[in-house]
Amino acid sequence: MTLYQKLANRLREHIQHDFYKPGDKLPSVRQLAQEHGVSISTVQEAYRQLEQELLVEARPKSGYFVCSQKQDNLPSISRPPQRPLEVSQWEEVLNMLMNRSGNKGVQLQHAMPNMKSATLKPLLKTLSDLTKQKPELGLGYADIRGTKELRIQLCRLAVASGCQLHPDDLVVTSGCQEALSVCLRAVTEPGDIIAIESPSFYGSMQAIKAANLKAMEIPTHPETGISLEALELALDQWPIKAIFVTPTCNNPMGYTMPEDKKEQLYRLAQSYDIAIIEDDIYGDISYQFPRPKTIKSFDEDGRVLLCSSFSKTIAPGMRVGWIAPGRYRDKVTHIKYVSSSMCPVLSQLAIAKFIRLGGYDKHIRKMRQDYEQQRDHLLSVIKTYLPNSTRVSYPAGSFILWVELHSSIDSVKLVERCREEGVGFAPGPLFSATGKYRNCFRLNFSEQSVEKREWAIKTLANVILKEASK
């Protein structure tokens, strides 16, 4: 155990035994360094680890404090079937996708970012200027890997996640959904088994289904992510071909895996010689600073295929995603070519300029702050109006959270009743290969006003009450 881990363990024990209570100020970095005879960087790393576990928070110019909101009502640790299964639920996913937010009421089911922020105006102006001044750029073929301008900027962004990439290491895709689908086909053959978190994003599940693969759902903790112990047992028992995870600001649970656990996951994949497909689409809107490292940052032999896009940080309609495929670069490039050839150029160039001129960093800082405030408001509203037995996740970033109701409540029936009242949400069975989590659902808190969110949760609470009285 390293020095910073020992120090983190000591501080964690003090917090858990209420030596330091919620809201208390913790010793300064300099004070702890002197008391324990360690370097300032060791103390900073210990505090960073505790930040990832949501035990402490850093306040600008004030120091470190014990998080004031202890989460004692988190969702249960998942218990998925202990065997590979074919993915179902496509009709249910399609039904939800067809109910877009253009409908009347408050739609909380789609993981859509805030696209009305003033911080996006420079990007929209650049896109408009390109369309007017150089429309021919959008008409012809371009580099199948994506424009070099964008790939250079993506490499700059990757540094914050601990990755040192070269523009030639990247392949631009039409959003993250295509990136995930291409990666699955690059590392598997039909009939193979993929290990995946449970619950997991329904788009990932449907990508597995489309590739004719089977999903091995692994028990997952609402704070620390996929169980490495359960994963190792599954790797011993089944011929798993790859591990598919969203370890940072997970969808739908919101957790971020601790950094040491990410490295352990990589080492586990290394020991079994299998690939990891890492979905990092929400990584840039983590509330932590600096933003968490990716599993890819530990990659020594190219077995991690890192996927992301700007669909959740800027807007899904831009359709700009990317892959850092490591050793699978040639195969990924070929599959991307036969799948959809090149991606539209104008949106790539506009985003590249947005990043290069600092607009993206400014936008992300604003969104992190806004989403964290909106998370806290929604959690407060849920606590006020939903039943006392309700369990809810505590997202470490992004704009979605997971709600677990009493086992007697069916979220599939609930969503039908709420839709009649003008409220939409994503029912839990969409996030499992077999339709588990019928008493759970996912909510989005990015777009709506405070008043609309509160009205939606009140409406949901009234529907639950009516259903319970039948």
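## Parallel pairing around strand S9

In this predicted model, strand S6 (residues 193–198) pairs with S9 in the parallel sense, the two being connected over four bridges. Strand S10 (residues 275–279) also runs parallel to S9, and four bridges join S10 and S9.

Strand S9 itself covers residues 240–245, and five of its six residues are buried, so the strand is largely enclosed by the rest of the structure.

## Cis peptide bonds and a positive phi in loops

The bond from Ser198 to Pro199 is cis, with omega near 0°, and Pro199 belongs to the loop between S6 and helix H8 (202–210). A cis bond also joins Asn251 and Pro252, where omega is about 20°; Pro252 sits in the loop between S9 and helix H10 (259–272). As background, most peptide bonds are trans, and most residues other than glycine have a negative phi.

## Helix H11 and its two sides

Helix H11 comprises twelve residues, 329–340, which at 1.5 Å a residue should span 16 Å; the C-alpha atoms at its ends are 16 Å apart, in agreement with that expectation. Val332, Thr333, Ile335 and Lys336 are buried in this helix, and, viewed down the helix axis, the buried residues fall within an arc of 165°, so they line one face of H11. The cover over these buried residues includes strand S5 (171–173), helix H7 (175–187), strand S11 (304–309) and strand S12 (321–324). On the face turned away from the buried side, H11 carries the exposed residues Asp330, His334 and Val338.

## From Ser341 to helix H12

Just after H11, Ser341 takes a positive phi of about 60°, although Ser341 is not a glycine. Ser341 lies in the loop between H11 and H12 and, at 23% relative accessibility, counts as partly exposed.

Helix H12 (residues 345–356) contains Lys353, which is partly exposed at a relative accessible area of 34%. Although Lys353 and Leu127 are 226 residues apart along the chain, their C-alpha atoms are separated by 9.7 Å.

## Thr390 in its loop

Thr390 is located in the loop between helix H13 (359–385) and strand S13 (391–392). With a relative accessible area of 6%, Thr390 is buried, and a polar atom of its side chain lies 2.7 Å from the backbone oxygen of Pro387. When residues up to four places away in sequence are not counted, Thr390 touches Asn73, Ile382, Val403, Glu404 and Leu405.

## Domain arrangement

The chain is divided into domain 1 (3–66), domain 2 (99–115 + 362–469) and domain 3 (120–358). The centres of domain 1 and domain 2, taken over C-alpha atoms, are separated by 33 Å.

Notes
Residues are numbered from 1 along each chain as its sequence is written. This is a predicted model: local features need pLDDT of at least 70, side-chain atom pairs count only at pLDDT 80 or more; totals for chains, interfaces and linings use all residues. Side-chain values use heavy atoms; hydrogens and water are left out. The expected span of a helix is 1.5 Å times one less than its number of residues. Buried means under 20% relative accessible area, exposed over 50%, partly exposed in between (1.4 Å probe, protein chains only). The arc is that of the directions from the helix axis to the C-beta atoms. Contact means heavy atoms within 4.5 Å. Domain bounds come from an automatic or database domain assignment. A polar contact is a pair of N or O atoms within 3.5 Å; within protein, one must be able to donate a hydrogen and the other to accept it, and residues adjacent in sequence count only if both atoms are side-chain atoms. Two strands pair if DSSP finds at least two bridges between them.
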